[in-house]
Amino acid sequence: LDSNVRALVRSSLQVLSLSGQKSPNDKLVSFIEPALSPSLTSLSLRRDQLKSFPASSFTCLPSLRELDLSDNLLLEVSPSLFLQCPQLESLNLQNNPRLTVRGLDFRACKLKTLLLGLIQLDYLPSLAHLSSLTELSLFSLYIKARAPRRDPRLFFEALPVHVELLKASSSAI
C-alpha cells in the first residue's frame with residue numbers, strides 16, 4: 001500500500017478481508033500488518049495458505065470481534081490471542097490440518113462462536129469457561145489421544161448450550 005493510503009486505511013478501517021491471496025506467508029503478513037488498525041472489528045484471512053500469523057500482529061487489535069483464519073496451513077495460534085483481543089466474539093480456525101491449540105486459554109475470552117472443524121488436535125481444550133458460547137463447530141474433529149478415550153459428552157457438560165452428538169459410535173472423538 002502507498003504510504004498515503006496506509007495512513008487513511010489505518011485510521012478508519014473496521015473490516016478487512018484478504019481471503020484467497022495465496023501469497024508467500026511473509027509477504028502477506030508484511031502487507032497486512034501496516035493496515036491493521038485499533039478500530040478493526042473484523043479480519044478475514046481465509047484461504048491464504050498462512051503457516052503462521054505473528055502474535056505481535058494482534059497487539060494492535062483491541063476492538064477485534066471476528067477473526068477468520070480458516071482454510072490455511074497454520075501450525076499454532078498465539079496463546080495470548082484472547083488477552084490481546086479482549087473483544088473477540090467469533091473465532092474460525094476450521095480446516096487448518098496441522099493446527100495445535102496447546103496453550104490457548106479460553107478463560108480470558110468472550111467467544112460466542114468457535115469453529116474448530118476439520119482439525120487434528122492433540123487434545124480437546126477445556127471449553128468450560130466459554131459461558132457466552134452460542135455456536136460451536138467440531139465437525140470431523142480428530143483427536144490424536146494416546147490415552148484411552150473418554151466419553152465425548154464429558155467435554156461439553158459444563159457448557160450452557162445444548163449439545164447433541166450424532167453417530168457418536170462413528171465419530172473420531
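Author: Start with pairing. Two strands pair if DSSP finds at least two bridges between them. Strands themselves are DSSP runs of E, at least two residues, and helices are runs of H or I, at least four residues, both numbered from the N terminus. Here, Ser 90 stands opposite Thr 113 in β5. Strand β4 (residues 90–92) and strand β5 (residues 113–115) run parallel and are joined by 3 bridges.

Reader: What should I know about the model itself?

Author: This model is predicted: local features need pLDDT of at least 70, side-chain atom pairs count only at pLDDT 80 or more, and totals for chains, interfaces and linings use all residues. Residues are numbered from 1 along each chain as its sequence is written, and side-chain values use heavy atoms, with hydrogens and water left out.

Reader: How many helices and strands does the protein have, and in what order do the elements run?

Author: The protein has 4 helices and 8 strands. From the N terminus, the order is α-β-α-β-β-α-β-β-β-β-β-α.

Reader: How do I read a sheet?

Author: Strands of a sheet pair through backbone hydrogen bonds, either parallel or antiparallel. This protein has an open sheet of 6 strands, paired in parallel, in the order β1-β2-β3-β4-β5-β7. Its edge strands are β1 (15–17) and β7 (135–137), and each pairs on one side only. From one strand to the next, the twist averages 5°. Such angles run from 0 to 180 degrees between N-to-C directions, with axes as lines fitted to C-alpha atoms.

Reader: What percentage of the residues count as buried?

Author: Buried means under 20% relative accessible area, exposed means over 50%, and partly exposed lies in between (1.4 Å probe, protein chains only). Of the 173 residues, 39% count as buried.

Reader: Show me a residue in the sheet. Is Ser 42 buried or exposed?

Author: Ser 42 is in strand β2 (residues 42–44). It counts as buried because its relative accessibility is 14%. Now its partners. A contact means heavy atoms within 4.5 Å. Beyond four places in sequence, Ser 42 touches Gln 14, Val 15, Leu 16, Leu 64 and Glu 66. A polar contact is a pair of N or O atoms within 3.5 Å; within protein, one must be able to donate a hydrogen and the other to accept it, and residues adjacent in sequence count only if both atoms are side-chain atoms. The side chains of Ser 42 and Glu 66 make one of 3.5 Å.

Reader: How many aromatic pairs are there?

Author: Rings of Phe, Tyr and Trp (its six-membered ring) pair if their centres lie within 6.5 Å; planes under 30 degrees apart are stacked, over 60 edge-to-face, and the rest tilted. The count is 2 aromatic pairs. One of them, Phe 82 with Phe 106, is tilted, at 5.6 Å centre to centre and 40° between the planes. This pair links distant parts of the chain, 24 residues apart: Phe 82 is in helix α3 (residues 81–84) and Phe 106 in the loop between β4 and β5. Phe 82 is buried at 2% relative accessible area, and Phe 106 is buried at 3%.

Reader: Which residues does Gln 84 touch?

Author: Gln 84 also sits in helix α3. It is buried, at 17% relative accessibility. Leaving out residues up to four places away in sequence, Gln 84 touches Ala 55, Phe 58, Thr 59, Leu 61, Pro 62 and Ser 78. A polar atom of the Gln 84 side chain lies 3.3 Å from the backbone oxygen of Ala 55.
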